[in-house]
Amino acid sequence: MFAVLLSVLIVSSVSAGLALVLVTAERFVSNYGECTITINEDKKLTVQGGKNVLAALTEAKLFIPSACGGRGTCGYCKVKATEGAGPVLPTETPFLTPEELQDNVRLSCQIKIRNDLKIEIPEELLAVREYESVCTEITDLTYDMKLFRFELHDPPTIEFVPGQYVQLLCPRYKGNREEVYRAYSIASDPVDNKVMDLIIRRVPDGICTTWCFEYLKAGDTVRFNGPYGEFRLSRTEAPMIWVAGASGMAPFVSLLHQMKNEHITRPTAYFFGGNKVKDMFYIDHMKQFEAELENFRFVPVVAAPDEGERWQGERGLVTEALQRASADLGGHEGYLCGSPGMIDAAIKVMKQLGVTEERIFYDKFA
Amino acid sequence: MNIGAQFWMAAVTCFAAIFTNNILLSYFLGMCSFVSVSREVKTAFGLGCAVVFVMTLTVALDWLAYRYILIPLELEFFRFILFIIIIAAFVQFVEMVIDRYSPKLYYALGIFLPLITVNCAILGASLFMVIREYTFIVAIGYGLGSGLGWLLAIMAMAGIRQRMGQARVPAGLQGPGITLIIAGLMALAFIGFTGVLG
(Lines give C-alpha, C1' and ligand atoms only; values in the text may rest on other atoms or scores of the structure.)
Protein backbone atom coordinates (compact mmCIF):
# COMPACT_ATOMS: atom_id res chain seq x y z
CA MET A 1 0.00 0.00 0.00
CA PHE A 2 2.78 2.34 1.00
CA ALA A 3 4.63 1.56 -2.24
CA VAL A 4 1.55 2.44 -4.27
CA LEU A 5 1.13 5.80 -2.58
CA LEU A 6 4.81 6.53 -2.80
CA SER A 7 4.97 5.75 -6.51
CA VAL A 8 1.94 7.92 -7.23
CA LEU A 9 3.56 10.70 -5.25
CA ILE A 10 6.89 10.34 -7.07
CA VAL A 11 5.35 10.29 -10.52
CA SER A 12 3.15 13.27 -9.72
CA SER A 13 5.97 15.32 -8.32
CA VAL A 14 8.35 14.47 -11.18
CA SER A 15 5.63 15.37 -13.72
CA ALA A 16 4.86 18.58 -11.88
CA GLY A 17 8.55 19.47 -11.81
CA LEU A 18 8.94 18.82 -15.53
CA ALA A 19 5.76 20.75 -16.30
CA LEU A 20 7.18 23.66 -14.38
CA VAL A 21 10.39 23.49 -16.41
CA LEU A 22 8.36 23.49 -19.63
CA VAL A 23 6.20 26.40 -18.60
CA THR A 24 9.28 28.41 -17.67
CA ALA A 25 10.95 27.47 -20.93
CA GLU A 26 7.86 28.50 -22.87
CA ARG A 27 7.96 31.81 -21.07
CA PHE A 28 11.57 32.47 -21.99
CA VAL A 29 12.30 30.48 -25.15
CA SER A 30 8.99 31.06 -26.94
CA ASN A 31 8.79 34.65 -25.86
CA TYR A 32 9.80 36.73 -28.83
CA GLY A 33 8.95 40.02 -27.19
CA GLU A 34 7.62 42.97 -29.07
CA CYS A 35 8.68 43.23 -32.69
CA THR A 36 8.30 46.03 -35.19
CA ILE A 37 7.09 45.44 -38.71
CA THR A 38 7.99 48.25 -41.09
CA ILE A 39 5.64 48.38 -44.05
CA ASN A 40 6.79 50.04 -47.28
CA GLU A 41 9.59 51.87 -45.40
CA ASP A 42 6.92 54.03 -43.90
CA LYS A 43 4.27 52.61 -41.65
CA LYS A 44 5.46 50.96 -38.43
CA LEU A 45 3.53 48.26 -36.66
CA THR A 46 4.39 46.95 -33.21
CA VAL A 47 3.21 43.42 -32.54
CA GLN A 48 3.81 40.60 -30.10
CA GLY A 49 6.26 38.15 -31.70
CA GLY A 50 5.56 34.45 -32.16
CA LYS A 51 2.63 34.64 -34.56
CA ASN A 52 2.75 34.83 -38.33
CA VAL A 53 2.90 38.03 -40.38
CA LEU A 54 -0.50 37.48 -42.02
CA ALA A 55 -2.22 37.16 -38.64
CA ALA A 56 -0.41 40.21 -37.30
CA LEU A 57 -1.39 42.31 -40.32
CA THR A 58 -5.00 41.15 -40.15
CA GLU A 59 -5.12 42.12 -36.49
CA ALA A 60 -3.87 45.58 -37.49
CA LYS A 61 -6.70 45.76 -40.06
CA LEU A 62 -4.35 45.43 -42.99
CA PHE A 63 -5.81 42.83 -45.27
CA ILE A 64 -3.60 40.68 -47.45
CA PRO A 65 -5.56 38.37 -49.76
CA SER A 66 -5.69 34.82 -48.48
CA ALA A 67 -8.18 32.21 -49.58
CA CYS A 68 -7.10 29.45 -47.22
CA GLY A 69 -6.96 31.53 -44.07
CA GLY A 70 -3.26 31.10 -43.35
CA ARG A 71 -2.76 27.39 -43.82
CA GLY A 72 -0.23 27.82 -46.58
CA THR A 73 -2.33 26.11 -49.26
CA CYS A 74 -3.59 28.92 -51.50
CA GLY A 75 -0.41 30.89 -52.08
CA TYR A 76 -2.19 34.25 -52.27
CA CYS A 77 -0.77 36.07 -49.28
CA LYS A 78 2.48 37.04 -50.96
CA VAL A 79 4.44 39.97 -49.61
CA LYS A 80 7.95 41.15 -50.27
CA ALA A 81 10.03 40.62 -47.13
CA THR A 82 13.18 42.65 -47.43
CA GLU A 83 14.58 42.13 -43.96
CA GLY A 84 14.37 39.72 -41.07
CA ALA A 85 12.06 37.05 -42.48
CA GLY A 86 14.52 34.16 -42.18
CA PRO A 87 14.99 31.35 -44.66
CA VAL A 88 12.34 30.39 -47.22
CA LEU A 89 10.48 27.37 -45.87
CA PRO A 90 9.70 24.21 -47.83
CA THR A 91 6.01 25.02 -47.34
CA GLU A 92 6.41 28.15 -49.46
CA THR A 93 8.57 27.02 -52.36
CA PRO A 94 5.75 25.38 -54.36
CA PHE A 95 4.00 28.76 -54.62
CA LEU A 96 6.97 30.93 -55.54
CA THR A 97 8.53 31.35 -58.98
CA PRO A 98 12.32 31.64 -59.31
CA GLU A 99 11.88 35.38 -59.99
CA GLU A 100 9.81 35.82 -56.84
CA LEU A 101 12.40 33.92 -54.81
CA GLN A 102 15.06 36.23 -56.20
CA ASP A 103 12.86 39.16 -55.29
CA ASN A 104 12.40 38.12 -51.64
CA VAL A 105 8.72 37.41 -52.13
CA ARG A 106 7.31 35.22 -49.35
CA LEU A 107 4.01 33.85 -48.13
CA SER A 108 3.08 36.08 -45.24
CA CYS A 109 1.25 33.26 -43.42
CA GLN A 110 4.46 31.25 -43.25
CA ILE A 111 6.73 33.93 -41.84
CA LYS A 112 6.83 33.64 -38.08
CA ILE A 113 7.67 36.92 -36.41
CA ARG A 114 10.87 36.33 -34.46
CA ASN A 115 12.45 39.75 -34.77
CA ASP A 116 11.97 43.11 -36.45
CA LEU A 117 10.84 42.83 -40.05
CA LYS A 118 10.67 44.98 -43.13
CA ILE A 119 7.99 44.13 -45.68
CA GLU A 120 6.55 45.68 -48.81
CA ILE A 121 2.95 45.34 -49.88
CA PRO A 122 1.23 46.91 -52.91
CA GLU A 123 -0.31 50.28 -52.06
CA GLU A 124 -3.73 49.21 -53.33
CA LEU A 125 -3.90 46.54 -50.65
CA LEU A 126 -3.60 49.27 -48.06
CA ALA A 127 -6.94 50.50 -49.47
CA VAL A 128 -8.60 47.23 -48.59
CA ARG A 129 -11.12 47.75 -45.83
CA GLU A 130 -13.21 45.79 -43.46
CA TYR A 131 -16.96 46.03 -43.94
CA GLU A 132 -19.92 45.40 -41.76
CA SER A 133 -23.09 44.50 -43.60
CA VAL A 134 -26.49 42.93 -43.10
CA CYS A 135 -27.65 40.01 -45.17
CA THR A 136 -30.96 41.17 -46.63
CA GLU A 137 -31.90 38.49 -49.11
CA ILE A 138 -31.10 34.85 -49.74
CA THR A 139 -32.34 33.46 -53.05
CA ASP A 140 -32.12 29.86 -54.27
CA LEU A 141 -30.45 29.67 -57.67
CA THR A 142 -30.16 25.90 -57.98
CA TYR A 143 -30.36 22.97 -55.58
CA ASP A 144 -26.82 23.74 -54.33
CA MET A 145 -26.35 27.42 -55.10
CA LYS A 146 -27.72 30.53 -53.51
CA LEU A 147 -27.48 34.24 -54.11
CA PHE A 148 -26.73 36.26 -50.97
CA ARG A 149 -27.40 39.98 -50.95
CA PHE A 150 -25.68 42.16 -48.36
CA GLU A 151 -26.55 45.72 -47.52
CA LEU A 152 -23.50 47.68 -46.44
CA HIS A 153 -23.58 49.49 -43.12
CA ASP A 154 -20.09 50.47 -42.09
CA PRO A 155 -18.70 51.84 -44.39
CA PRO A 156 -21.96 52.36 -46.29
CA THR A 157 -20.60 51.83 -49.81
CA ILE A 158 -18.00 49.69 -51.53
CA GLU A 159 -15.85 50.65 -54.51
CA PHE A 160 -14.56 47.72 -56.53
CA VAL A 161 -13.45 46.79 -60.00
CA PRO A 162 -15.79 44.16 -61.51
CA GLY A 163 -14.08 40.77 -61.32
CA GLN A 164 -12.67 41.38 -57.86
CA TYR A 165 -13.55 39.32 -54.80
CA VAL A 166 -14.08 39.82 -51.09
CA GLN A 167 -13.27 37.66 -48.11
CA LEU A 168 -16.23 36.71 -46.00
CA LEU A 169 -15.67 36.16 -42.30
CA CYS A 170 -17.19 32.87 -41.24
CA PRO A 171 -17.79 33.06 -37.48
CA ARG A 172 -17.63 30.25 -34.94
CA TYR A 173 -20.64 27.96 -34.99
CA LYS A 174 -21.42 24.46 -33.88
CA GLY A 175 -18.74 22.34 -35.53
CA ASN A 176 -16.46 25.25 -36.36
CA ARG A 177 -14.22 26.38 -33.56
CA GLU A 178 -12.36 29.25 -35.19
CA GLU A 179 -13.12 32.23 -37.37
CA VAL A 180 -12.01 31.77 -40.95
CA TYR A 181 -12.07 33.92 -44.08
CA ARG A 182 -13.19 32.57 -47.44
CA ALA A 183 -13.00 34.32 -50.79
CA TYR A 184 -16.06 34.90 -53.02
CA SER A 185 -16.33 36.94 -56.20
CA ILE A 186 -18.65 39.93 -56.22
CA ALA A 187 -21.64 39.40 -58.50
CA SER A 188 -23.30 42.78 -58.41
CA ASP A 189 -23.44 46.02 -60.35
CA PRO A 190 -20.53 48.27 -59.33
CA VAL A 191 -22.76 51.34 -59.70
CA ASP A 192 -25.18 49.95 -57.17
CA ASN A 193 -22.53 50.27 -54.47
CA LYS A 194 -24.72 50.16 -51.36
CA VAL A 195 -25.33 46.45 -51.80
CA MET A 196 -23.17 43.51 -52.74
CA ASP A 197 -24.21 40.14 -54.14
CA LEU A 198 -22.32 36.88 -53.73
CA ILE A 199 -23.13 33.62 -55.48
CA ILE A 200 -22.14 30.74 -53.27
CA ARG A 201 -22.18 27.07 -54.10
CA ARG A 202 -22.47 24.60 -51.28
CA VAL A 203 -19.31 22.57 -50.78
CA PRO A 204 -19.90 19.29 -48.90
CA ASP A 205 -18.42 19.77 -45.41
CA GLY A 206 -17.16 23.23 -46.38
CA ILE A 207 -16.66 25.36 -43.28
CA CYS A 208 -17.93 28.64 -44.67
CA THR A 209 -20.50 27.37 -47.17
CA THR A 210 -22.12 25.20 -44.49
CA TRP A 211 -22.45 28.30 -42.37
CA CYS A 212 -23.92 30.29 -45.26
CA PHE A 213 -26.42 27.57 -46.12
CA GLU A 214 -27.47 26.43 -42.67
CA TYR A 215 -26.88 29.23 -40.22
CA LEU A 216 -26.94 32.53 -42.09
CA LYS A 217 -30.40 34.10 -42.14
CA ALA A 218 -31.71 37.33 -43.63
CA GLY A 219 -31.18 40.08 -41.06
CA ASP A 220 -27.87 38.71 -39.74
CA THR A 221 -24.81 40.92 -39.53
CA VAL A 222 -21.94 39.74 -41.71
CA ARG A 223 -18.38 41.00 -41.85
CA PHE A 224 -16.07 40.84 -44.83
CA ASN A 225 -13.00 42.56 -46.20
CA GLY A 226 -11.84 43.46 -49.66
CA PRO A 227 -11.89 44.02 -52.51
CA TYR A 228 -9.03 41.97 -53.86
CA GLY A 229 -7.89 40.46 -57.14
CA GLU A 230 -6.47 41.28 -60.52
CA PHE A 231 -9.19 39.55 -62.52
CA ARG A 232 -10.83 42.32 -64.57
CA LEU A 233 -11.59 43.46 -68.10
CA SER A 234 -8.50 44.52 -69.99
CA ARG A 235 -8.41 47.95 -71.57
CA THR A 236 -8.28 46.65 -75.13
CA GLU A 237 -10.80 46.21 -77.91
CA ALA A 238 -10.06 42.53 -78.48
CA PRO A 239 -13.03 40.17 -78.79
CA MET A 240 -13.52 38.01 -75.71
CA ILE A 241 -14.30 34.40 -74.88
CA TRP A 242 -15.61 33.81 -71.38
CA VAL A 243 -15.76 30.39 -69.80
CA ALA A 244 -17.33 29.64 -66.43
CA GLY A 245 -18.94 26.87 -64.44
CA ALA A 246 -21.25 26.92 -61.42
CA SER A 247 -20.54 29.85 -59.07
CA GLY A 248 -17.85 30.99 -61.53
CA MET A 249 -20.82 32.91 -62.94
CA ALA A 250 -20.41 35.56 -60.24
CA PRO A 251 -17.62 37.81 -61.59
CA PHE A 252 -19.13 37.71 -65.08
CA VAL A 253 -22.44 39.10 -63.84
CA SER A 254 -20.49 42.02 -62.46
CA LEU A 255 -18.52 42.37 -65.71
CA LEU A 256 -21.75 42.39 -67.73
CA HIS A 257 -23.10 45.22 -65.59
CA GLN A 258 -19.87 47.11 -66.18
CA MET A 259 -20.12 46.59 -69.96
CA LYS A 260 -23.68 47.84 -69.90
CA ASN A 261 -22.80 50.87 -67.76
CA GLU A 262 -19.76 51.82 -69.81
CA HIS A 263 -21.27 50.89 -73.22
CA ILE A 264 -18.54 48.40 -73.97
CA THR A 265 -19.45 46.60 -77.17
CA ARG A 266 -16.56 44.21 -77.58
CA PRO A 267 -17.75 40.94 -79.17
CA THR A 268 -18.15 38.50 -76.30
CA ALA A 269 -19.14 34.84 -76.23
CA TYR A 270 -19.88 33.48 -72.78
CA PHE A 271 -19.74 29.68 -72.43
CA PHE A 272 -21.37 28.58 -69.20
CA GLY A 273 -21.10 24.89 -68.37
CA GLY A 274 -22.97 22.64 -65.97
CA ASN A 275 -23.26 18.91 -65.49
CA LYS A 276 -27.06 18.62 -65.52
CA VAL A 277 -29.95 20.83 -66.51
CA LYS A 278 -30.60 21.45 -62.81
CA ASP A 279 -27.15 23.08 -62.53
CA MET A 280 -28.10 25.89 -64.88
CA PHE A 281 -29.29 29.25 -63.59
CA TYR A 282 -29.56 32.91 -64.56
CA ILE A 283 -30.54 31.91 -68.12
CA ASP A 284 -33.15 34.67 -68.17
CA HIS A 285 -30.71 37.25 -66.83
CA MET A 286 -28.30 36.34 -69.58
CA LYS A 287 -31.04 36.58 -72.22
CA GLN A 288 -31.70 40.06 -70.89
CA PHE A 289 -28.03 41.01 -71.25
CA GLU A 290 -28.00 39.53 -74.77
CA ALA A 291 -30.85 41.87 -75.64
CA GLU A 292 -29.17 44.89 -74.09
CA LEU A 293 -25.57 44.33 -75.21
CA GLU A 294 -25.36 44.08 -78.95
CA ASN A 295 -22.29 41.89 -79.31
CA PHE A 296 -22.84 39.62 -76.34
CA ARG A 297 -23.75 35.98 -76.83
CA PHE A 298 -24.55 33.52 -74.03
CA VAL A 299 -23.92 29.80 -74.67
CA PRO A 300 -25.17 27.51 -71.91
CA VAL A 301 -23.71 24.00 -72.11
CA VAL A 302 -24.98 20.93 -70.26
CA ALA A 303 -22.60 17.98 -70.07
CA ALA A 304 -25.08 15.17 -69.55
CA PRO A 305 -28.80 16.04 -69.53
CA ASP A 306 -30.90 13.29 -67.95
CA GLU A 307 -33.14 11.16 -70.16
CA GLY A 308 -36.36 12.95 -70.95
CA GLU A 309 -35.14 16.35 -69.80
CA ARG A 310 -35.82 19.19 -72.14
CA TRP A 311 -32.54 20.83 -73.10
CA GLN A 312 -32.23 22.81 -76.25
CA GLY A 313 -28.76 24.26 -75.80
CA GLU A 314 -25.32 22.80 -76.35
CA ARG A 315 -24.36 19.42 -74.94
CA GLY A 316 -21.05 18.04 -73.72
CA LEU A 317 -18.19 19.59 -71.82
CA VAL A 318 -17.87 23.34 -71.99
CA THR A 319 -14.47 22.93 -73.67
CA GLU A 320 -16.03 20.73 -76.37
CA ALA A 321 -18.67 23.36 -77.03
CA LEU A 322 -15.91 25.94 -77.31
CA GLN A 323 -14.06 23.80 -79.85
CA ARG A 324 -17.22 23.22 -81.88
CA ALA A 325 -18.11 26.90 -81.92
CA SER A 326 -14.78 28.35 -82.88
CA ALA A 327 -12.16 27.26 -85.38
CA ASP A 328 -9.70 30.04 -84.74
CA LEU A 329 -9.54 32.37 -81.76
CA GLY A 330 -6.41 34.24 -82.76
CA GLY A 331 -6.59 37.80 -81.42
CA HIS A 332 -9.16 36.91 -78.78
CA GLU A 333 -8.82 37.30 -75.04
CA GLY A 334 -9.88 34.49 -72.71
CA TYR A 335 -11.55 35.03 -69.33
CA LEU A 336 -12.08 32.02 -67.11
CA CYS A 337 -13.59 31.43 -63.71
CA GLY A 338 -14.33 28.13 -62.05
CA SER A 339 -12.78 24.98 -60.66
CA PRO A 340 -9.05 24.41 -61.28
CA GLY A 341 -9.83 21.34 -63.41
CA MET A 342 -12.15 23.26 -65.71
CA ILE A 343 -9.77 26.20 -66.00
CA ASP A 344 -6.77 24.05 -66.86
CA ALA A 345 -8.78 22.21 -69.52
CA ALA A 346 -10.13 25.47 -70.93
CA ILE A 347 -6.68 27.08 -71.07
CA LYS A 348 -5.39 24.09 -73.03
CA VAL A 349 -8.23 24.31 -75.55
CA MET A 350 -7.89 28.08 -75.89
CA LYS A 351 -4.19 27.77 -76.62
CA GLN A 352 -4.91 25.16 -79.27
CA LEU A 353 -7.37 27.58 -80.83
CA GLY A 354 -4.76 30.31 -81.01
CA VAL A 355 -5.28 32.45 -77.89
CA THR A 356 -1.87 33.45 -76.58
CA GLU A 357 -1.05 32.76 -72.94
CA GLU A 358 -0.69 36.36 -71.82
CA ARG A 359 -4.19 37.04 -73.13
CA ILE A 360 -5.82 34.43 -70.90
CA PHE A 361 -7.02 35.74 -67.56
CA TYR A 362 -8.47 33.51 -64.90
CA ASP A 363 -9.75 33.25 -61.38
CA LYS A 364 -9.20 29.78 -60.00
CA PHE A 365 -11.10 28.51 -56.98
CA ALA A 366 -8.38 27.34 -54.62
CA MET B 1 36.71 1.61 -11.84
CA ASN B 2 38.78 4.78 -12.07
CA ILE B 3 37.79 7.71 -14.27
CA GLY B 4 40.27 6.92 -17.06
CA ALA B 5 39.06 3.35 -17.32
CA GLN B 6 35.49 4.58 -17.35
CA PHE B 7 36.16 6.89 -20.28
CA TRP B 8 37.87 4.07 -22.15
CA MET B 9 34.91 1.86 -21.38
CA ALA B 10 32.54 4.59 -22.55
CA ALA B 11 34.40 4.90 -25.86
CA VAL B 12 34.31 1.15 -26.40
CA THR B 13 30.60 1.01 -25.50
CA CYS B 14 29.93 3.89 -27.87
CA PHE B 15 31.73 2.11 -30.70
CA ALA B 16 29.92 -1.12 -29.93
CA ALA B 17 26.55 0.66 -29.91
CA ILE B 18 27.24 2.07 -33.36
CA PHE B 19 28.49 -1.06 -35.06
CA THR B 20 28.16 -4.38 -33.26
CA ASN B 21 25.01 -3.69 -31.27
CA ASN B 22 23.33 -1.14 -33.54
CA ILE B 23 20.05 -0.33 -31.84
CA LEU B 24 18.19 -0.28 -35.13
CA LEU B 25 19.81 -3.05 -37.09
CA SER B 26 20.44 -5.49 -34.23
CA TYR B 27 17.47 -4.79 -31.99
CA PHE B 28 15.07 -3.35 -34.58
CA LEU B 29 14.01 -0.48 -32.35
CA GLY B 30 12.78 2.85 -33.73
CA MET B 31 11.55 1.28 -36.94
CA CYS B 32 8.52 3.47 -37.61
CA SER B 33 10.33 6.76 -38.08
CA PHE B 34 13.18 4.86 -39.74
CA VAL B 35 10.79 3.65 -42.44
CA SER B 36 8.78 6.83 -42.86
CA VAL B 37 11.48 9.53 -42.76
CA SER B 38 14.15 7.80 -44.81
CA ARG B 39 13.07 9.06 -48.21
CA GLU B 40 15.56 11.90 -48.37
CA VAL B 41 19.11 12.08 -47.03
CA LYS B 42 18.66 15.67 -45.86
CA THR B 43 15.56 15.07 -43.77
CA ALA B 44 16.95 11.77 -42.49
CA PHE B 45 20.06 13.57 -41.34
CA GLY B 46 17.97 16.15 -39.46
CA LEU B 47 15.89 13.53 -37.71
CA GLY B 48 19.00 11.43 -37.02
CA CYS B 49 20.71 14.38 -35.36
CA ALA B 50 17.62 15.03 -33.26
CA VAL B 51 17.68 11.40 -32.17
CA VAL B 52 21.41 11.56 -31.29
CA PHE B 53 20.82 14.67 -29.24
CA VAL B 54 17.68 13.45 -27.47
CA MET B 55 19.05 9.97 -26.86
CA THR B 56 22.34 11.11 -25.32
CA LEU B 57 20.68 13.55 -22.99
CA THR B 58 17.67 11.42 -22.03
CA VAL B 59 19.95 8.49 -21.19
CA ALA B 60 21.87 10.81 -18.89
CA LEU B 61 18.70 12.25 -17.32
CA ASP B 62 17.16 8.81 -16.96
CA TRP B 63 20.35 7.50 -15.36
CA LEU B 64 20.25 10.27 -12.77
CA ALA B 65 16.54 9.78 -12.11
CA TYR B 66 17.06 6.03 -11.75
CA ARG B 67 20.09 6.28 -9.51
CA TYR B 68 18.90 9.10 -7.24
CA ILE B 69 15.12 8.71 -7.17
CA LEU B 70 14.11 5.15 -7.96
CA ILE B 71 16.92 3.16 -6.30
CA PRO B 72 16.79 4.94 -2.91
CA LEU B 73 13.00 4.52 -2.84
CA GLU B 74 13.18 0.92 -4.09
CA LEU B 75 10.82 1.75 -6.94
CA GLU B 76 12.96 0.33 -9.76
CA PHE B 77 9.92 -1.29 -11.37
CA PHE B 78 8.62 2.21 -12.00
CA ARG B 79 11.33 3.10 -14.46
CA PHE B 80 9.14 2.56 -17.55
CA ILE B 81 6.70 5.29 -16.59
CA LEU B 82 9.27 7.68 -15.19
CA PHE B 83 11.55 7.34 -18.23
CA ILE B 84 8.64 7.97 -20.61
CA ILE B 85 7.63 11.10 -18.74
CA ILE B 86 11.18 12.43 -18.77
CA ILE B 87 11.58 11.70 -22.49
CA ALA B 88 8.26 13.33 -23.35
CA ALA B 89 9.03 16.49 -21.43
CA PHE B 90 12.52 16.67 -22.86
CA VAL B 91 11.35 16.28 -26.46
CA GLN B 92 8.79 19.01 -25.89
CA PHE B 93 11.57 21.22 -24.66
CA VAL B 94 13.79 20.45 -27.66
CA GLU B 95 10.89 21.17 -29.99
CA MET B 96 10.46 24.61 -28.48
CA VAL B 97 14.16 25.37 -28.81
CA ILE B 98 14.41 24.17 -32.42
CA ASP B 99 11.31 26.15 -33.38
CA ARG B 100 12.94 29.21 -31.95
CA TYR B 101 16.46 28.87 -33.26
CA SER B 102 16.22 26.73 -36.40
CA PRO B 103 12.83 27.10 -38.09
CA LYS B 104 14.11 25.40 -41.20
CA LEU B 105 14.99 22.23 -39.32
CA TYR B 106 11.69 22.53 -37.49
CA TYR B 107 9.70 22.56 -40.70
CA ALA B 108 11.80 19.83 -42.31
CA LEU B 109 11.10 17.45 -39.43
CA GLY B 110 7.47 18.49 -39.21
CA ILE B 111 5.37 16.03 -37.30
CA PHE B 112 8.27 13.67 -36.76
CA LEU B 113 9.88 15.66 -33.98
CA PRO B 114 7.06 14.89 -31.54
CA LEU B 115 7.28 11.31 -32.80
CA ILE B 116 10.69 11.01 -31.14
CA THR B 117 8.71 10.90 -27.89
CA VAL B 118 7.29 7.57 -28.87
CA ASN B 119 10.42 6.41 -30.64
CA CYS B 120 11.02 3.10 -28.89
CA ALA B 121 14.77 3.33 -29.58
CA ILE B 122 15.01 6.21 -27.10
CA LEU B 123 13.21 4.33 -24.33
CA GLY B 124 15.07 1.16 -25.35
CA ALA B 125 18.46 2.81 -24.87
CA SER B 126 17.49 3.96 -21.37
CA LEU B 127 16.21 0.51 -20.40
CA PHE B 128 19.29 -1.29 -21.78
CA MET B 129 21.51 1.11 -19.86
CA VAL B 130 19.75 0.06 -16.65
CA ILE B 131 19.82 -3.67 -17.38
CA ARG B 132 23.51 -3.57 -18.26
CA GLU B 133 24.30 -1.59 -15.10
CA TYR B 134 26.44 1.04 -16.83
CA THR B 135 28.05 3.80 -14.80
CA PHE B 136 27.06 7.39 -15.59
CA ILE B 137 29.91 8.09 -18.01
CA VAL B 138 29.57 4.75 -19.76
CA ALA B 139 25.81 5.28 -20.01
CA ILE B 140 26.38 8.60 -21.77
CA GLY B 141 28.80 6.90 -24.15
CA TYR B 142 26.18 4.25 -24.76
CA GLY B 143 23.43 6.83 -25.39
CA LEU B 144 25.63 8.76 -27.81
CA GLY B 145 26.68 5.56 -29.60
CA SER B 146 23.10 4.31 -29.91
CA GLY B 147 22.03 7.65 -31.34
CA LEU B 148 24.93 7.72 -33.79
CA GLY B 149 24.18 4.12 -34.76
CA TRP B 150 20.58 5.07 -35.48
CA LEU B 151 21.74 8.09 -37.48
CA LEU B 152 24.15 5.92 -39.46
CA ALA B 153 21.44 3.40 -40.23
CA ILE B 154 18.84 5.95 -41.33
CA MET B 155 21.38 7.87 -43.44
CA ALA B 156 22.46 4.69 -45.16
CA MET B 157 18.85 3.77 -45.78
CA ALA B 158 17.97 7.23 -47.11
CA GLY B 159 20.97 7.08 -49.44
CA ILE B 160 19.90 3.69 -50.74
CA ARG B 161 16.30 4.80 -51.15
CA GLN B 162 17.30 7.94 -53.05
CA ARG B 163 19.34 5.81 -55.43
CA MET B 164 16.42 3.44 -55.76
CA GLY B 165 14.39 6.30 -57.23
CA GLN B 166 15.35 5.00 -60.65
CA ALA B 167 14.95 1.32 -59.82
CA ARG B 168 11.88 -0.54 -60.93
CA VAL B 169 10.45 -1.85 -57.69
CA PRO B 170 7.42 -4.16 -58.06
CA ALA B 171 4.25 -2.21 -57.26
CA GLY B 172 3.35 -4.34 -54.25
CA LEU B 173 6.74 -3.79 -52.64
CA GLN B 174 7.00 -0.04 -53.07
CA GLY B 175 7.42 2.12 -49.97
CA PRO B 176 7.63 0.35 -46.61
CA GLY B 177 7.81 -3.14 -48.15
CA ILE B 178 11.11 -2.72 -49.97
CA THR B 179 12.41 -0.58 -47.09
CA LEU B 180 11.96 -3.42 -44.63
CA ILE B 181 13.69 -5.84 -46.99
CA ILE B 182 16.62 -3.43 -47.34
CA ALA B 183 16.72 -3.02 -43.57
CA GLY B 184 16.97 -6.79 -43.27
CA LEU B 185 19.87 -6.91 -45.74
CA MET B 186 21.60 -4.09 -43.91
CA ALA B 187 21.16 -5.95 -40.63
CA LEU B 188 22.80 -9.01 -42.23
CA ALA B 189 25.68 -6.83 -43.37
CA PHE B 190 26.08 -5.43 -39.88
CA ILE B 191 26.50 -8.98 -38.51
CA GLY B 192 29.88 -8.68 -40.16
CA PHE B 193 30.94 -6.39 -37.33
CA THR B 194 30.31 -9.10 -34.72
CA GLY B 195 33.50 -10.01 -32.97
CA VAL B 196 35.29 -6.79 -33.88
CA LEU B 197 35.52 -5.99 -30.20
CA GLY B 198 36.39 -9.59 -29.30
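Trainee: Which strands of chain A does helix α6 lie across?

Mentor: In this predicted model, α6 (residues 249-261) of chain A lies across β12, β13, β16 (333-338) and β17 of chain A, at about 140° to β12(A). Helices (H or I, at least four residues) and strands (E, at least two) are DSSP runs numbered from the N terminus. Angles run from 0 to 180 degrees between N-to-C directions, with axes fitted to C-alpha atoms, for helices over the stretch in contact; contact puts C-beta atoms, placed from the backbone, within 7 Å.

Trainee: What's the strand order in that open sheet?

Mentor: The order is β15-β14-β13-β12-β16-β17 in chain A, with parallel pairing. Pairing takes at least two DSSP bridges. The edge strands, β15 and β17 (360-364) of chain A, each pair on one side only.

Trainee: Switching to α8(A), which residues are buried?

Mentor: In α8 (residues 318-325) of chain A, they are A:Val318, A:Thr319, A:Ala321 and A:Leu322. Buried means 20 or more other C-beta atoms within 10 Å of a residue's own, again placed from the backbone.

Trainee: Why are they on the same side of α8(A)?

Mentor: Because they cover an arc of only 160° around the axis, taken from the directions from the helix axis to the C-beta atoms.

Trainee: And how many residues does each chain bring to the contact?

Mentor: Chain B brings 18 and chain A brings 19. On chain B's side, α4(B) gives the largest share, 10 residues.

Conventions: Residues are numbered from 1 along each chain as its sequence is written. Chains are lettered from A and ligands numbered from 1 in the order in which they are written. This is a predicted model: local features need pLDDT of at least 70, side-chain atom pairs count only at pLDDT 80 or more; totals for chains, interfaces and linings use all residues. Two residues are in contact if their C-beta atoms, placed from the backbone, lie within 7 Å. A residue is buried if 20 or more other C-beta atoms lie within 10 Å of its own, exposed if 12 or fewer, and partly exposed in between; C-beta atoms are placed from the backbone.
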